[in-house]
Amino acid sequence: MRDPLSVIPCVILCWLCLCAAPEAARAVAPADDNPAAVGFDDQGSEPRAIALADATLRAMGGRAAWDRTRYLTWRFFGKRLHVWDRWTGDVRIEYDERGAGPHMVILLNLNSGKGRAFHGGTEVTDTAALFALLQKGKEIWINDSYWLVMPYKLKDSGVTLRYRGEGKMVDGRLADVLLLTFTGVGVTPQNKYEVYVARDTGLVEQWAYYDKAGDPKPEFVGPWHKWRRYGGILLSSDHGEGEVHTGVNAPARLPASVFRSPVRVDPAVLSAPAPGGTP
């Protein structure tokens, strides 16, 4: 697997379905309803594949619980901190540059593209440098969030879902295999994924990544393990490199300063138990 803290190529989809406006996010879908995002390839997708995508979403808590989940926070490979307001599109990204590099804080709204950045505690005011950092922050967030919430995005804009049949995962258990391809979206639409939905749990428990849809072999195959409940939803933190995500949580509320201030966030604020779940 590649350097875990590099931006691993993944499809950059229509993220409006993830960064919905508050009004859209609060229009919670019925428990068994999972409408596709505008632009999902319904005609090219196979009914059995769509049914599996809906079933695994129910196994993770259901669309209504996902829509009610406002905040998510995690550390990618235990280092890059993300705090995400799904209703407003605000994100906070923190990381230390390699070696003894300075601490970086990027405060960004994914919908508007506007935000602020702080390099070693000093605000970046140069227009070109700020633009570059905000773009970098968005790319980091897109990559890192896909490793956390991919199973919730199986019916995104530009996605075509097909059923590959029965398969065995690395641990020998049976799974139904979904094939994800992409059309006309993002900067890497040539990517392809095989997603293994375990027969015994109904959860996504393995994936295979292909850099190009025509590649005969995947660049990597990894598990989705350690599914835990956070509030009303399930999230996986282990993809075969140990704990890919640490500090995963879905807090019920966060102070506005988390998305406004460069001051390091009190870990206790982020680790408060999610309602009905355990961080």
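Tutor: Let's begin with a rule: two strands pair if DSSP finds at least two bridges between them. Keep in mind that this is a predicted model.

Student: Okay. How do you know that β9 and strand β10 pair?

Tutor: Count the bridges. β9 and β10 (residues 204-210) have 6 bridges in the antiparallel sense. The rule asks for at least two, so they count as a pair. One spot to look at is glutamate 194, which stands opposite alanine 208 in β10. In the hairpin of these strands there are 5 residues between them, and glycine 202 there takes a positive phi near 75 degrees.

Student: What makes strand β8 and β9 a pair?

Tutor: The rule is used again here. Strand β8 (residues 174-182) and β9 share 6 bridges, in the antiparallel sense, and the cut-off is at least two, so this is a pair too. Glutamate 194 turns up here as well: in β9, it is the bridge partner of leucine 179.

Student: Let's move to one residue. Why is threonine 160 called buried?

Tutor: Threonine 160 has a relative accessible area of 3%. The limit is under 20%, so threonine 160 is buried. You'll find threonine 160 in strand β7 (residues 159-168). Leaving out residues up to four places away in sequence, threonine 160 touches Asp41, Gly44, Ser45, Leu179, Leu180, Thr181 and Thr183.

Student: What makes the link between the side chains of threonine 160 and aspartate 41 a polar contact?

Tutor: The two side chains come to 2.6 Å. A polar contact needs a pair of N or O atoms within 3.5 Å, one able to donate a hydrogen and the other to accept it, so 2.6 Å passes the distance test.

Student: Now the open sheet: which strands form the sheet, and in what order?

Tutor: There are 7 strands, in the order β6-β5-β4-β3-β2-β1-β14, with antiparallel pairing.

Student: Why are β6 and β14 called edge strands?

Tutor: Look at their partners. β6 (122-123) and β14 (245-249) each pair on one side only.

Student: How do you know that β2 pairs with β1 and with β3?

Tutor: Bridges again. β1 and β2 are joined by 6 bridges and run antiparallel, while β2 and β3 pair over 4 bridges, also antiparallel. Both counts meet the cut-off of at least two, so both are pairs. Phenylalanine 76 has arginine 80 in β2 as its bridge partner, and histidine 82 stands opposite isoleucine 93 in β3. The β1 and β2 hairpin has 3 residues between its strands, with phenylalanine 77 in the turn at a positive phi of about 55 degrees. The hairpin of β2 and β3 has 4 residues between the strands, and glycine 89 takes a positive phi near 85 degrees.

Student: What makes you say that both faces of β2 are covered?

Tutor: Arg80, His82 and Trp84 lie on one side, Leu81, Val83 and Asp85 on the other, and all are buried.

Student: How many bridges join strand β4 to strand β5?

Tutor: β4 (residues 103-109) and β5 (residues 115-119) are joined by 5 bridges and run antiparallel. For example, the partner of methionine 104 is histidine 119 in β5. Helix α4 (residues 127-149) packs on the sheet, touching β1 (71-76), β2 (80-85), β3 (90-96), β4, β5 and β14. The direction of α4 makes about 95 degrees with that of β1.

Student: Which residues touch the most other members in the largest nonpolar core?

Tutor: Leu72, Leu180 and Leu235, in a core of 60 residues. Helix α4 gives the most to this core, with 10 residues. Another core lies apart from it, with 8 residues, among them Tyr71, Leu254, Val265 and Leu270.

Student: And the chain as a whole: how many helices and strands are there?

Tutor: The chain has 5 helices and 14 strands. Of its 279 residues, 53% are buried.

Key. Residues numbered from 1 in each chain as written. Predicted model: local features only at pLDDT ≥ 70, side-chain atom pairs only at ≥ 80, totals over all residues. Heavy atoms only, no water. Buried < 20%, exposed > 50% of the residue type's maximum accessible area, 1.4 Å probe, protein only. Contact = heavy atoms within 4.5 Å. Axes fitted to C-alpha atoms, helices over the stretch in contact; angles between N-to-C directions. Core = buried A, V, L, I, M, F, W, Y, C linked by side-chain atoms within 4.5 Å.
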